[in-house]
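Welcome, and please take a moment to look over the model below. A short tour follows, moving from the whole chain to a few local details.

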Amino acid sequence: MIRRIQKAVVLGAGTMGSRIAAHLANAGLPCLLLDIVPPELSGPGKEGPAKASSPAARNRIVQAGLAAAVKSRPAAFFHPSFASRISIGNFEDDLARCAEADWIIEVVAENLEIKRGLLARVAQVRKPGAIVTTNTSGLPVHLIAEGLPEEFQQHWAGTHFFNPPRYLRLVEIIPGPKTLPDVLDTLSDFCDRRLGKGIVVAKDTPNFIANRIGTFSMMNALKLMGALGMTVEEVDACTGPAVGWPKSATFRTADIVGLDVLMHVVKNIYETAPQDESREVYRLPALLEEMAKRGLLGDKTGKGFYQRVKKDGQSEILTLDVNTFEYRAKQRAKFASLDMGKTIEDTRERLRSLIGPVLAGQPHDKAQKFLWGGLSETCLYAARRIPEISDNVFDVDRAMRWGFGWELGPFEILDTIGVRAFAAQVEKEGRAVPALINKLLASGRDSFYTAEKGITSCFNLASGEAKPVEEPRGVIILKSRKEAGREIERNAGASLIDLGDGVVCCEFHAKMNAIGGDLFSMLTKGVRRLETDFDAMVVANQAVNFSVGANLMLVLVGAQEQEWDDLHLAVRQFQNVNLALKYAPKPVVVAPQGMALGGGCEISLHGAKIQAAAEAYIGLVEAGVGIIPGGGGTKEMLIRANEQAGITPGLSPAATPENDLALFQALKPIFETIAMAKVGTSAEESRALGFLRREDGITMNRDRLVADAKETALALFRAGYRPAAASPAEGAAGTRVRVLGEQFLAGAKVAIHMLVRGGFASEYDAVVARKLAFILAGGSLSAPQFVSEQYLLDLEREAFVSLCSEKKTQERIAHTLKTGKPLRN
């Protein structure tokens, strides 16, 4: 039975507590955030004026914690307004309000006695059946609740969120000895569906799963750095994207987390895991102790392994020399192996190329020696921790992917390298091969994972056999569907996949999912299949980003070669594909996740509905490279402005002077959004910017996005969906959209002039903005009137191609391709 969670209380408004409360608010859950009363207003002898002091004074600490969450970067809230979903109080005056909560989350200091004392008070006021959890990162969950009433312990567990809670997907759920099964089911379901988390059930062992493995990896990296005489930059070059780990690598991660926090975790493992055969790895090295002594704790003190300083008005990052403890200019790590690895896009192939020479006894550089030492020890350590920290190999891999941002968990790394070759090399070096690996190889298997007909199985230590890895209900993995033979069309850039129940999916899989001819072809085929074979279509993929837009290199080459007819044709093709999606005979639902920029945004805008991942970053960013949206994006935003003004574009719309005034007001923020290339930093912020309509859906857990989009598409079909026109041609020619002509254009020109005068825009920004304003105005019409979609598309296309002919646009595109950053010229 899944219990309903309708209100939460978070105890502790520090960094983690306030950010957990923020993410509960993101999920739409009312939340009460509590913390201590300032010491000068609390305790014995503080009855008189202090006791009578205002709530504002008594809630000063919790208010500061909430304010810090609102200001935090990256943003803790999907939208700043969501902070209003959190109310505040303190442990002395408001603890009784825990009786209102279905879930109480303790996030106070990592001190066993402080936690036990607070929870004893909570036990007296919570309602029966309310779930209580601790966010401890390493204290024994069973000890925290020991001695509390039986019913309390039945509803007690650990829920270990990772910082920052909005962005890191992992939540480790740690049951206590008496936790009821339905409590675990409720927490797992809520954290999955409502909070968008990846759930791993961990055993109540020191620092659980991810921190146990991740901390070992970091401490081992420190050990290897000293042994090999490497610099901070060299270690981070080896432990970042080169092996599929985050850009923050080892030492930037330590700075973000805080050296004091890292040292606390390390000490905790050393003290509470006396039987760990690698315990000495957790003995604090002199380097960390000296850094702590000097206050070099990372971002919180402004100095750690790195320091950001201002020099001549420019920001510069300095690096700590670990021998002298002086900061010096950052140096680029120079390793031929890593430079070669950068040319290999696939992480598994890159790892094999980096580790292969070591296994083959071939010459290798210092980076490869470090990588073998680091990865091999981490994988061996993880294998030795089964079944201590988890019974399942795949839960360890998931914990490292979701909690530390690794592309591959330790057992996936072993499969990539080759388990048999790995074990042979380890034995050759005189190191012991763990029982788990020996048992795997003795069974005749060469890998922990196997996949057949879309079903992934994983080796299980207890049974000595491979067992299917179960995905939660409501999750569709496109890769598995293709392996199961459900791919019905394919080209180099896209596929059509049968999702079942009459729904087809068009999946992008070009590099960076760039918009191009292969995608146009597959979308067109998908729409055609709707007419005969399917009831609905989903446009989606499960890459990191939905699409970063058009292939700018092709645009630049076309412009430099002055292939204007080809550019006109390419833009027209994109416009026609988007019209085909919009006026498809059956519903098309677009499901963006990650970045959906430029053309990726334009495809989304043309769906019957959008079902977006909560972490979808949507925007029409073309102005940043000196062009305007040419695939119908500007036209669709104009249509949304019409809708906001109470005008329904269609075959025979009507408008009043009041509508026109409302349209003018609605157009101003849309013009600003496109001209300034604004991007929503969440799906909710994208809605506020106008990219999502009120009725568009948001999925918190991106693993569920395709399935949710499928259900949305089927619901539209079952409700009798009919497109607004019988065909794309009829829709483009017949759908009338209200434009204001000179009424809007004159005001836009004044606003552009003021932006340039104020130094907020360059002269060329103004050129691009005037082109955009011309389209949104419907041209220099003398009076408001209705125009067709095709008329607006023609304006878009002409503006796009004319801007491509400008030298400054070509300079901007070239600069963006080279640096990944826009040029303001």
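This is a predicted model: local features need pLDDT of at least 70, side-chain atom pairs count only at pLDDT 80 or more; totals for chains, interfaces and linings use all residues.

The protein chain has 33 helices and 25 strands. Its C-alpha trace spans about 80 × 80 × 60 Å along the principal axes. How does the radius of gyration fit with a compact globule? For 825 residues, such a globule would have a value near 28 Å, and the protein chain, with 29 Å, agrees with this. As for burial, 56% of the 825 residues count as buried.

Let us turn to the sheet. Three strands, in the order β9-β10-β11, make up an open sheet with antiparallel pairing. The edges are taken by β9 and β11, each of which has a single partner strand, so one side of each has no neighbour in the sheet. On average, neighbouring strands here are turned by 45° against each other, direction ignored. The antiparallel pairing of β9 with β10 runs over six bridges, and Y306 has T319 in β10 as its bridge partner.

| β9 | 306-311 |
| β10 | 314-320 |
| β11 | 327-329 |

Finally, the surface has a nonpolar patch formed by M553, V557 and L817, which together have about 230 Å² of accessible area. One of these residues, V557, lies in helix α22, which covers residues 552-560. With a relative accessible area of 37%, V557 is partly exposed.

Notes
Residues are numbered from 1 along each chain as its sequence is written. Side-chain values use heavy atoms; hydrogens and water are left out. Patches are made of residues with over 30% relative accessible area and no salt bridge: like charges are joined within 9 Å, nonpolar side chains (Val, Leu, Ile, Met, Phe, Trp, Tyr) within 5 Å. Accessible areas come from the Shrake-Rupley method with a 1.4 Å probe; for residues, only the protein chains shown count as cover. A salt bridge is a side-chain nitrogen of Lys or Arg within 4 Å of a carboxyl oxygen of Asp or Glu. Helices (H or I, at least four residues) and strands (E, at least two) are DSSP runs, numbered from the N terminus. Buried means under 20% relative accessible area, exposed over 50%, partly exposed in between (1.4 Å probe, protein chains only). Two strands pair if DSSP finds at least two bridges between them. Axes are lines fitted to C-alpha atoms, for helices over the stretch in contact, and angles run from 0 to 180 degrees between N-to-C directions. The radius of gyration is taken over C-alpha atoms; the globule rule is 2.2 Å times the number of residues to the power 0.38.
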